[in-house]
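Keep the sequence and the 3D view open as you read.

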Amino acid sequence: AGGEDLCVNMWSVDTDALDALARLGGDGLVPFYSLLEGGRDGELFAELEDYFYYAQLKHQGINTTNRREVSTKVPLVEVPGIVRALGFFPSEQEIENLLNEAKYSEYVDTGKYVTEIDLGELIKLYVNHRPAFGLDANQIESAFRVLAEASGRRTKDGQPAIDRAQLLELLQSQGEHITESDLADHLG
């Protein structure tokens, strides 16, 4: 049972302590609001809410003159754009994990997939999947420096450089696959 050392470990969990901690955190979305900078009244929450409603408009078609339907839910396909607009740039694998968490969240209970989520569920997904510490300018600059060094090009004063064509080629050929149209969308 315990492998080569024949050791078996047993643990016990004090559920009273866990229950007490859960009560201290608050009910519903309260614990999640506190994990957003500024809380429910902060700029990040307001921005998240704006992107949530913008995603509804985007999904219905930006350039339409048809009547708009404002809802309390947004389609799952819009979630990656929302989290990216908030400054969280997950990999395609992370996006898949995030969407699957939402998609299968009610499957055990109902046997159905979730295709849209409300603002509260979006906040939970965002808080639970974003990195604890975001990227800062120094990390981004360091990444570009590594790419520039690998390119072999130098500026007139000897600094490493990478031109646009090389950068686009690297983005499309290295790491996760990205199509030319997706690249154009992301880079504006």
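Rings of Phe, Tyr and Trp (its six-membered ring) pair if their centres lie within 6.5 Å; planes under 30 degrees apart count as stacked, over 60 as edge-to-face and the rest as tilted. By this rule there are five aromatic pairs. Tyr 33 and Phe 45 are one of them, edge-to-face because their ring centres are 5.6 Å apart and their planes stand at 90°. This pair links distant parts of the chain, twelve residues apart: Tyr 33 belongs to helix H2 (residues 30-33) and Phe 45 to helix H3 (residues 43-60). Helices (H or I, at least four residues) and strands (E, at least two) are DSSP runs, numbered from the N terminus.

This is a predicted model, where local features need pLDDT of at least 70, side-chain atom pairs count only at pLDDT 80 or more, and totals for chains, interfaces and linings use all residues. Residues are numbered from 1 along each chain as its sequence is written, and side-chain values use heavy atoms, with hydrogens and water left out.

Tyr 104 and Tyr 113 also pair edge-to-face, at 5.3 Å centre to centre with 80° between the planes. Ring pairs join Tyr 104, Tyr 107 and Tyr 113 in a cluster.

How accessible are these residues? Buried means under 20% relative accessible area, exposed over 50%, partly exposed in between (1.4 Å probe, protein chains only).

| Residue | Relative accessible area | Class |
|---|---|---|
| Tyr 33 | 16% | buried |
| Phe 45 | 4% | buried |
| Tyr 104 | 39% | partly exposed |
| Tyr 113 | 46% | partly exposed |

Finally, Ala 161 sits in strand S4 (residues 160-161) and is buried, at 16% relative accessible area.
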